[in-house]
Structures are given as C-alpha cells and as structure tokens.
Amino acid sequence: MRELHFITSNSGKYAEVSSILSSKGIPMVQRDIGCPEIQADTLEEVVTFCLDWLGSKEGAYLIDDSGLFIDALGGFPGVYSAYVFKTLGLSGILRLMEGVPDDERTAYFETVFGIGLGAEKLVFRGKCEGRISHEVRGEEGFGYDPIFIPDAGDGRTFGEMSMAEKNAISHRGKAIKNMMENANRIIEMLNQS
Ligand code: IMP
C-alpha cells in the first residue's frame, strides 16, 4: 500500500491525525510542502486547489484547512483565519463584534480534510456551530478557542474546556470521525496500482 503524505508543518496535528489513521492500517508520513495560495471563499476550494496542484506529483496526499466563520461579519475571518489571528487577534475580532447582540453572534468552525492521488480526490468535512463570546475566556486550546462558545457545550468557551471535551464536539473531531468511517475508501485508493 502507498503511504499517505500528510502535508503539515504542525507536528502536534500530525501526531494526532497519524495516530488515528495508523490505527486503521493507513501508513502515514509527514511532509512540509507549501501549497500555492489562492483567493477563495470556502475551505473546500482551498483544499481542492492544493490537491489539484499536488495531483501532478507522485504519491498520495492528505491536506487540511480550518477556519472560523462569523455570520455578523459575513463569514470573516473564514479562509483567512490563520492570517487574521496573527494580525487582528482575538481583541480585534471582539472589537469588530462590539454592539452585536447575543442572538446575532452566531458563528461556526469548519475543518475540511482532502485526500488526493493523481486526479482522484476524497473530501471530508466537520462543522461546529456556536457563538462569539463578549470577552476572552479560558487558556486551553489555541487560536480562537477563548472566544468561541459551542452550542453543544454548557456555555463555556472552547478555551475553558479540556482537549478531550473539545475534541468530542469540535469541527476537527467530527471531520476526523467522518474520515475514519470512510477508512476503507482511503485504503482502496492507496492500494491502487
Ligand atoms: P488550520 O488550517 O488548522 O491551520 O487552521 C487555520 C487557523 O484557524 C488557525 O491558525 C487558527 O487560528 C484557526 N483555527 C482552526 N481550528 C481552530 C480551533 O480548533 N480552535 C481555534 N482556532 C482554530
């Protein structure tokens, strides 16, 4: 069977995903390759564009992209979540949300995983609905966790939850579960001659 090359520079993410996929008999290796960037509105477009670019190379690839989409801001920061976190930061997002009433603070996190071999692709998604808090709360997790209150929780932000509590309801947890439920399709792809 071919190895699945997971393109990520984040070793923590690699460790988490590869331990789960390996338990299903999927051999993994970490690769740090930068995909060319595109202007896109959705994570799926970003992932598909990168898989198309990788499609001309030898091997099977796994990539992922995640983001926070805030309804009152027209889906911002969305596909720009990583950049916006580094520039505006949590305080900048809370400033943009100043004066937005509770019932209009809805948002969701989304993760898209894509697996590609040549022109063939498999895409798996996970979504977590919630709302933006009025203040930064909690020190767990990373990124936007301290300002996101998941609907499936008890009113705490992701930043106030343990990793296990977050993973049980998170966008990434759901996308990984979706990928696991389709492990046989991934194995079929990797076994192709
Ligand atoms: P990535 O595609 O997983 O690197 O995610 C892109 C950006 O979205 C990250 O740099 C974070 O700012 C944000 N993000 C993604 N997932 C999460 C999460 O689970 N919690 C908080 N922020 C996240």
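Which elements do the buried residues of helix 4 pack against? The buried residues of helix 4 pack against strand 3, helix 3 and strand 5, and the points below set this packing beside other parts of the model.

1. Basis of the note. This is a predicted model, in which local features need pLDDT of at least 70 and side-chain atom pairs count only at pLDDT 80 or more, while totals for chains, interfaces and linings use all residues. Residues are numbered from 1 along each chain as its sequence is written, and side-chain values use heavy atoms, with hydrogens and water left out. Helices (H or I, at least four residues) and strands (E, at least two) are DSSP runs, numbered from the N terminus.

2. Helix 4. In helix 4, which takes in residues 89-96, the buried residues are G89, L90, G92, I93 and L94. Buried means under 20% relative accessible area, exposed over 50%, and partly exposed in between, with a 1.4 Å probe and protein chains only. Packing and touching here rest on contact, that is, heavy atoms within 4.5 Å.

3. Helix 1. Helix 1 (residues 11-23) has 13 residues, and the distance from its first C-alpha to its last is 18 Å, close to the 18 Å expected at 1.5 Å a residue; the expected span is 1.5 Å times one less than the number of residues. K13, Y14, V17, S18 and L21 are buried in this helix. Seen down the axis of helix 1, its buried residues fall within an arc of 110°, so they line one face of the helix, the arc being that of the directions from the helix axis to the C-beta atoms. An α-helix has 3.6 residues a turn, so residues three or four places apart point the same way. The buried residues of helix 1 pack against strand 1 (4-7), strand 2 (28-31), strand 3 (60-70), strand 4 (106-117) and helix 6 (171-181).

4. The ends of helix 1. At its start, a side-chain oxygen of N10 comes to within 3.0 Å of the backbone nitrogen of G12. Just after helix 1, G25 takes a positive phi of about 85°.

5. Helix 2. This helix has 12 residues and reaches 17 Å from its first C-alpha to its last, close to the 16 Å expected at 1.5 Å a residue. Its buried residues include L43, V47, C50, L51 and L54. They cover an arc of only 100° around the axis, which puts them on the same side of helix 2. Strand 1, strand 3, strand 4 and strand 5 (120-132) are among the elements that cover them.

6. L62 lies in strand 3 and, at 0% relative accessibility, counts as buried. Not counting residues up to four places away in sequence, L62 touches a set of residues that includes V17, L21, F113 and M179. F113 is in strand 4 and is buried too, with a relative accessible area of 0%; F113 and T48 are 65 residues apart in sequence and 9.7 Å apart in space, C-alpha to C-alpha.

7. T111. This residue is found in strand 4 and is buried, with a relative accessible area of 0%. The side chain of T111 makes a polar contact with the side chain of S66 (2.9 Å). A polar contact is a pair of N or O atoms within 3.5 Å; within protein, one must be able to donate a hydrogen and the other to accept it, and residues adjacent in sequence count only if both atoms are side-chain atoms. Residues that T111 touches, not counting those up to four places away in sequence, include L43, D65, F124 and H171.

8. The largest pocket. About 1,600 Å³ of space lies in the largest pocket, a volume being the space filled by probe spheres set on grid points joined across faces, edges and corners. On a 1 Å grid over the protein atoms alone, a pocket is an open set of points where a 1.4 Å probe fits, with protein on both sides within 12 Å along at least five of seven lines, and lining residues have an atom within 4 Å of a point. The lining has 50 residues, of which K13, D64, D65, S66 and A82 lie nearest the centre of the pocket. Strand 3 gives the largest share of the lining, 6 residues.

9. Loop features. P77 is in the loop between strand 3 and helix 3, and the peptide bond from F76 to P77 is cis, with omega near 0°. E160 lies in the loop between strand 6 (148-150) and helix 5 and is partly exposed, with a relative accessible area of 29%. The side chain of E160 makes a polar contact with the side chain of R137 (2.9 Å).
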